[in-house]
Amino acid sequence: MAADEQERAGITEDWYRGETPPDGLSDGDLAEWRNEHEDPDGPIHYRDAEELDPGQRILLPAPDPVHHYDRGRTHIEPRTV
């Protein structure tokens with residue numbers, strides 16, 4: 001999934017298994033820290049604080065393609081007595 005799709009679906013990824021880089025690192029030191037701590041198997045993905053299975057399907061939020069007032073139904077006027 002692209003980053004914007006992950007954001008819309010509420011998915012976050014953790015490349016460093018819960019570790020965060022120390023504050024005050026220079027750009028070079030930060031890159032070195034990331035290379036040392038990044039998991040070679042890839043990130044773990046989370047949604048609503050629960051780990052996702054790699055094969056799990058995710059539905060992306062999207063606008064309804066068929067409006068509520070036009071779902072192919074025929075309008076029938078009610079009979080009044």
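Q: In which loop is the place of proline 22?
A: This is a predicted model in which local features need pLDDT of at least 70 and side-chain atom pairs count only at pLDDT 80 or more, while totals for chains, interfaces and linings use all residues. Residues are numbered from 1 along each chain as its sequence is written, and side-chain values use heavy atoms, with hydrogens and water left out. Helices (H or I, at least four residues) and strands (E, at least two) are DSSP runs, numbered from the N terminus. In these terms, proline 22 is placed in the loop between S1 and H2.

Q: How does proline 22 count by relative accessibility?
A: Buried means under 20% relative accessible area, exposed over 50%, and partly exposed in between (1.4 Å probe, protein chains only). Proline 22 has 45% relative accessibility, so this residue counts as partly exposed.

Q: How far apart in space are proline 22 and glutamate 77, C-alpha to C-alpha?
A: Along the sequence, 55 residues separate proline 22 from glutamate 77. In space, their C-alpha to C-alpha distance is 69 Å.

Q: Which element has the highest mean pLDDT?
A: pLDDT is the predictor's confidence in each residue, on a scale from 0 to 100. The protein has a mean of 83, and 90% of its residues reach 70 or more. Among the elements, the lowest mean, 86, belongs to H1, and the highest, 90, to H2.

Q: What is the order of the strands in the open sheet?
A: Two strands pair if DSSP finds at least two bridges between them. S1 and S2 pair in the antiparallel sense over four bridges, and two bridges join strand S2 (residues 44-47) to S3, also antiparallel. The open sheet of three strands therefore has the order S1-S2-S3.

Q: Why is one side of strand S1 and of strand S3 left without a neighbour in the sheet?
A: Strand S1 (11-14) and strand S3 (50-51) stand at the edges of the sheet. One side of each is left without a neighbour because each has a single partner strand.

Q: Which residue stands opposite tyrosine 46 in S3?
A: Tyrosine 46 of S2 has threonine 12 opposite. In S3, the bridge partner of arginine 47 is glutamate 50. The residue that stands opposite tyrosine 46 in S3 is glutamate 51.

Q: Which residue takes a positive phi in the hairpin of S2 and S3?
A: This hairpin has two residues between the strands. A positive phi near 55° is taken there by aspartate 48.

Q: With which residue does aspartate 39 form a salt bridge?
A: A salt bridge is a side-chain nitrogen of Lys or Arg within 4 Å of a carboxyl oxygen of Asp or Glu, and the count comes to one. Its closest N and O atoms are 1.9 Å apart.

Q: Which residues is aspartate 39 in contact with, leaving aside its neighbours within four places in sequence?
A: Contact means heavy atoms within 4.5 Å. With those neighbours left aside, aspartate 39 is in contact with Trp15 and Arg17.

Q: How is the aromatic pair of tyrosine 16 and tryptophan 33 classed by its planes?
A: Rings of Phe, Tyr and Trp (its six-membered ring) pair if their centres lie within 6.5 Å; planes under 30 degrees apart count as stacked, over 60 as edge-to-face and the rest as tilted. The whole structure holds one such pair. Both tyrosine 16 and tryptophan 33 are buried. Their ring centres are 5.3 Å apart and their planes stand at 55°, so the pair is tilted.

Q: Is glutamine 6 buried or exposed?
A: Glutamine 6 lies in helix H1 (residues 3-9). Not counting residues up to four places away in sequence, glutamine 6 touches Met1, Ile11, Glu13 and His45. Its relative accessible area is 12%, so glutamine 6 is buried.
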